[in-house]
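This report describes a structure one chain at a time and then looks at two single residues. Please keep the sequence and the structure in view while reading.

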Amino acid sequence: MTIDSSILSLIVFFPTVGAILLALLPANPTLQKWGALVVTLLTFLFTLHLPAHYQYGLTGYQFEVNVPWIASPAIRYHLGVDGLSMWLVVLSGFLAPLGVLISWRAIDRREKLFYTLFLLQQTAMIGVFVALDLFLYYGFWEWSLVPMAILIATFGRTDKRAKAALKYFLYAFIPSAILLVGMLWVYAQTGTFDLPMLQQMGASHSISSNHAALWLASLAFLVAFAVKVPVFPLHGWLSDAIFEAPTAAVMVLAGKLGLYSILRFSFGIFPEQSRQIAPLMIALGAIGIAYGALVALVQTDLKRLAAYSTLGHLSFITLGIFSFTVAGIDGGVYQIINHGISGGALFMLLGALYERYGTYDMRELGGVAQKLPWMVTLFVITALSNIGLPGLNGFVGEFLTLSGSLQTIYVAHPMLWTTIATTGVIFGAGYMLWAIQRVFYGGMGRRPDEVSGWDLDAREQVALWPMAVLFVVMGVASPYWMRAIDSFGAGAAGRTAVTDVHVYPNPTKNLALPETPVSSTEGGAH
Amino acid sequence: MHLALFFIFGGLAVLAALNLLLQRHPINSALSLVVVMMSLAVLYWSLGAEFLAAAQIIVYSGAVMVLFVFVIMLLNAGEEERTRGSKIASIAGFPGAAAIFCLLSFVFLSEGHKLGLSHLGGSLDEASSNISQISSLLFTDLLLPFEVTSVLILVAILGAVVLAKKER
Amino acid sequence: MVPISYYLVLAAILFSLGIAAYLVKRNVITIFISIELMLNAVNLTFIAFAHQWNKLNGQIFVFFVMVVAAAEAAVGLAIIIALFRSRQTLNVDQVNLLKG
Amino acid sequence: MSSALLSILPEVVLTVTGVLIMLADPFFAPKASKKALGWLAVLGTLGAAGATLLQLRTHQILLTFSGSIQMDTFSVFFHLLIASIVLLTLLVSLDYFKPGATSHSGEYFALVLFGAVGMMLMTCSVELLMVFIGLEISSISTYILAGYRKGQATASESSLKYFLLGSFATAFFLYGIALAFGATGTTSLNGIASGLSVTAFPTMAFLALAMMLVGLGFKVSAAPFHVWTPDVYQGAPAPVVGLMSTAPKAAVFAVLLRITATTYSSELLHARWVWLIGIIAVLSMTIGNLGALLQKDAKRMLAYSSIAHAGYLMVAYTALPADSIAAAAFYTAGYAAMNVGAFAVISQLGGYDEPLRTIDDYRGLAQKHPVLAAALAFFLLSLIGIPFTGGFFGKFYVFNAAIGAGHVWLAVLGLLNSGVACFYYLRLLTALYSRKLGEEGGEFEGSSPAAAIAIAGAVLATLLLGVLPGKVLGLAQRGATVQVSRNR
Amino acid sequence: MHLSDFQLFVLITIIKIAVVLVITLTAVAYTVLLERKVIGRIQNRWGPSRVGPFGLLQPLADGIKLFLKEDLMPMSVERPLFVAAPVIALACALVSVAVVPFGQTFKIRGVDIFEVSNVNIGLLVILGITSIGVYGIALSGWSSNNKYSLMGSLRASSQVISYELALGLSLVGVVLRAGSLNLRDIVNSQIGHGFLSWNFFGGLQFVGFFIYIMAAYAETNRAPFDLPEAESELVAGYHTEYSSMKFAMFFMAEYANMLTVSCVATLLFFGGASSPFEGWIPAFGPTWLQAILPIFWFVAKVFSFLFLYIWVRATLPRFRYDQLMSFGWKFLLPLAMANILATSLVMALRS
């Protein structure tokens, strides 16, 4: 077995091995912390193998492992990455050690449980990104719920943690159950769980001739993913879960899994249905952006504010990918990575702030900038990245997304929805800056007055600066990342275009103008 | 004569069963059941199952029901009181039982003509009995069930000892 | 000459009366007695069918049912005795320690 | 070895061991520890499992004892399953009876073994008479085991309720057999199968199946015949609950499979009864899950959960082809592993007196007993149906079968139900990992090594059934093929 | 008058029933006298000797006395059952005589006159009816609403249930040898070589007989197993509250049961109505003598068993209750099983 074929298995299961080791080691806090750090760092190192040996320009899956697992029903152990998932895997690997570092002090008891669950969660998440068999994928998808729920239930901040954990679990689990029905139905129709095969069948419309059933199945998929994203109005769990969860958990809580799944499975298996529902999703995305921004404006709690900002960002991505343009999808994928980094950094900083002052309430904070100069620097950079300041990573993604949504042909008035989205972005900038103003500047708040905070220590600096560097690098050198992403985006959007002309008369515009598939991108990426 | 036999003992069985249902004291119910069993024994005999008729009397009325009576006496069970539970139960119980009865008898009567007639089975005066046939079946084709029953009885004995014995 | 169906209906009557008694009665021993009544009704059904098909299997089944009923009676009455020792009652409505 | 002996060898081994235990019991002082007898029972169970493997190696279908016993892969599968459950139960119970707790701990082991004999007989019988006797052996021994903690006021109550409702069900089952006999003139399953195609009494034949369903439904605690379950599980000793919630049910499900998949399997008949089972399945799932939501007592909650699981399992019966038989068989195995495991942990945490009752009592146990709590959490996750556990794969496979047969609505209802279900499992789970400690501590003497082995075995089994189900699945599928091919 | 076969059958049967009933009741009455006399002699006294020659009219006097006594009905008894109990007891005791063949087959127009009814499962009928008899005892004690009575009937019923097993099993050997449950067949299987072909001697069923007689004594609640009416502990046991005719019925039931037991023992183990020299001495005398003589043998055998009953009562002390139970379960029952095993082995080897 070559490295290329086993690297994905290694990346996926190394954290689990680490978790088992930690569980077997004595419950010594230092030991557990360092152990977790070592494991996550090693995992990150392994993930770096992927971009290093990725063959840019090829569209299919790479680093594939495909061995039979269960004979009947036909289930295979099939892993692989493409342009979409490759960076997501790296991103997950990258965030994990930072998560461990940032939990160093925040988690002061039952470290063993915490780090074990954290590592298990990582396996599940990476597994979701690399699984190419529906069954295997579903396994990781459900698995990812459990450590998170226990993390929230055990390490949540207030007494309502158990409730928040339950809410999170139920919100995710019940739609997943329906997802399973959809998957099983697809299997009953096709006799396979293999994603590449299903994608081919989806593209050639050979999954089922029963349109109503196909519709229901696609909805089963989409709803499950949309809840996990979350897409407005299915976001009920988000603010509670973020409010309760420890920082390291929040960093991986929302966004990536759901959006990835929509791109991979909804678009892959049900291209036609996904396009038909695009108007609704675009509308929901736009509404979500605006809603998130407006609600965030009236929050006094920083964590809740960040939660609604997250909702805004994710809605933004939804908007982008459902535009079914190369730009929109590329931008969406780019934004997923951005959100992982920027949002993660934001939550890390909030967590650090909480460690110092024991509150997220903006009314009790203020004037912190005088005491913590390093923190304010990083906070501002992060906020700017979140807002989408040109030159930083957020800008690239937002720009692409908006341009994609302007070009889309699947909604009656793309301009209208793009405008709403843009308004949301502006509001987003507003509340973020206002929050900085309220927390860091102005008169000294009650808490900072009473409690003597301390500036970022070396460990926190180590955790945060790489992120800041990434903001800039990703903002400036976006093509490096785009090479891989584009190969996916072009595929996803291109497939759309082809089917569009022949099969699907556009309901909104009478002229069946195909979205120009930028077929040159593929060549240009070489 | 067969029909008369059926109606006399069938009627007796039904009456006794009704009595079982209506009596408040467990011992009366138990004795009503004994009457049911004896009437059934006669009916068994009329259907040619004389061995079972005897077994019915020896095993059921003579041993099992005596055990019941014995326990009722041992525990000195009194009349049962009517409680709220019993009212609820009778609201649900009678219609339910009636429904099952209607269902069953509808099926039996509608398929009755296909079922045919019975003829007075074994006459007790005849020297031949089906006991030898039953026993040869028991010890050839049905040997395993017969042997396995011993495990069942073993379990029952064990259980009775375990449950009823006082811990010292 | 009696139609077989008469026997079957008689068995059905007894079975239903057994069910009714099972549901209505409150004394555990009487409830148990009702079960025995039901078993007897089943036995009659078996024997009637055995007569109809002219097969001994049905009769032998009844033989086993009797054995089983005897075993059940032994265990059941032992349980009832154990219950009475610990609770001093035979009324099912008062046997209600186990509740959600 | 004669084929007749081979076909019942596991049962013979168990019976002989049980009798040996009873013979050896008087040589112990009345209240002494009877652990040695327990180990003897363990050995006997291992012997039975070995005998079953021997049966498996013959690769043939044996029809012995005048066609009343059929040894095939199907029966071997359930034999192995029952042997494993009994093995785990015995290991858990080895130290359950502290010396002096009761003078009947020797009989306990014998009863467990005899019960297993009954269950195993049910799974390999193709003659309803044998099925009936096996059912009664297993039922009577479980009635007794349910009331084993005589000191507890709840024990005899549990035992009594189990007994009264169980015997009631037996009467229905018997009536069903009688009607089947009346319709076809035979009580052998294969005979009934061939008789059904020519019977003059189709209504009666259908009624027979309905009655048998009622009777067997009681035994597997499927709604609306589930009323006994919560009370009985709450009052019975925890290791016994682990046993009786799995092994007898597995056996009854096997019987039900033989009846539905072999005897009543023609397209015409299937169409007539499938809705019945569908209704039972939906009712069981719904009532089980909603009931469990309201429970405070942990064992009661698991009782309702077992009702729900019976419902999930019944979903498989609505699908005709071989896949559904394999699915149902596999589900019983998965369910057995996790449920026995869960009750093993509960019995270890609680001990003989079981001071831990309500879910609140379990609060914070993860801090005191991290390993046991983790094991319980794992079993609960499997009960929820989290992937890579036996529970998930079972559910997956069952619903796969249902959808394959076109019963999408059943799958949707079932999976929605499992969504509701995770609510109450999580309540226990979050209680385990909560920061606050429950009030009921109960002194904990550390789990015994034997029980630790059992729990580890259950964890391993649950995990393996989820990750590498191939072997078990293969066996189940081979068994299913036997059933279907006999039928064609 | 010309009777059809059926009418004749009914007529003769009714006559038979009447005759047998009268004889049985008389026998019962005189068994009581016999008992009192024999015990008297054993205890070195006369026994009843005033009424009639040798006290032969004593039973008549007893009967008149019991008839004329006031029938007391205690206040708190369970009336219907209190009345029914003695009836059940006596009826069961008397009915079982119906299947006993007390002579050799002697048919008048196809109707056997020396047996009320020839049933193909005669032995089972006797066992069944005897097992019903226990209700009389059980109910009498319970309905009396008196703790001594209750204790007595509890003891009686558990004793009867316990010994019924051993009793039934002890007869299996005989049934195995005869291959039938018909009492007539069983008797006929013991014919050929005089008393040597009786089950007791030739059939090697003396173990079975021993078990049977033990169990039967317990079944009839007779000494040394008369715990239910142990006067030193329980006043008079289950019939404490009974008086007058109801008491008499219990009394008669007990002796009728003794009679049945003796009959069964005779039939099963001692060749029934066959002569001990039958097969060695050719039949002699006119037909009527040939018909009557077996009855003589039968009565003689039964009489000797009754005598044994009385003898045992007069000489053996009473068992303790736990001894009684363990004797039944731990000794008689295994022995009976061993007997069955041995008998069937011997039969298997011989064939």
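## Chains A and E

Of the 351 residues in chain E, 51% are buried, where buried means under 20% relative accessible area, exposed over 50%, and partly exposed in between, with a 1.4 Å probe and protein chains only. The model is predicted, so local features need pLDDT of at least 70 and side-chain atom pairs count only at pLDDT 80 or more, while totals for chains, interfaces and linings use all residues. Side-chain values use heavy atoms without hydrogens and water, residues are numbered from 1 along each chain as its sequence is written, and chains are lettered from A and ligands numbered from 1 in the order in which they are written.

Chain E has 11 helices and two strands; helices (H or I, at least four residues) and strands (E, at least two) are DSSP runs, numbered from the N terminus. The order of these elements from the N terminus is α-α-α-β-β-α-α-α-α-α-α-α-α. The radius of gyration of chain E is 21 Å, close to the 20 Å that the globule rule gives for 351 residues, so chain E is as compact as a globular protein of that length. This radius is taken over C-alpha atoms, and the rule is 2.2 Å times the number of residues to the power 0.38.

Chain A contains 23 helices and two strands. For its 526 residues a compact globule would have a radius of gyration near 24 Å, and the 22 Å of chain A agrees with this. Buried residues make up 67% of chain A.

The table sets out further values for both chains. Contact means heavy atoms within 4.5 Å, and accessible areas come from the Shrake-Rupley method with a 1.4 Å probe; for residues, only the protein chains shown count as cover.

| Property | Chain A | Chain E |
|---|---|---|
| Span of the C-alpha trace along the principal axes | about 70 × 55 × 45 Å | about 60 × 55 × 45 Å |
| Accessible surface | about 17,000 Å² | about 16,100 Å² |
| Part of that surface from carbon and sulfur atoms | 68% | 72% |

## Confidence and neighbours of chain A

The mean pLDDT of chain A is 83, and 93% of its residues reach 70 or more; pLDDT is the predictor's confidence in each residue, from 0 to 100. Over residues 496-526 of chain A, pLDDT stays under 50. Where pLDDT is low, the predicted coordinates should not be read in detail.

Chain A does not touch chain B, and their nearest C-alpha atoms are 36 Å apart. Chain A also has no contact with chain C, the closest C-alpha atoms of the two being 22 Å apart. Among the five pairs of chains in contact, chains B and C share the most contacts.

## Two residues

N339(E) sits in helix α11 (residues 321-350) of chain E. Its relative accessibility is 6%, so N339(E) counts as buried. Beyond its neighbours within four places in sequence, N339(E) contacts S170(E), Q205(E), V207(E) and G208(E).

I192(D) belongs to helix α8 (residues 189-196) of chain D. With a relative accessible area of 1%, I192(D) is buried. Leaving out residues up to four places away in sequence, I192(D) touches L128(D), A180(D), T184(D), T186(D), T187(D) and T263(D). I192(D) and E127(D) are 65 residues apart in sequence, and their C-alpha atoms are 9.7 Å apart in space.
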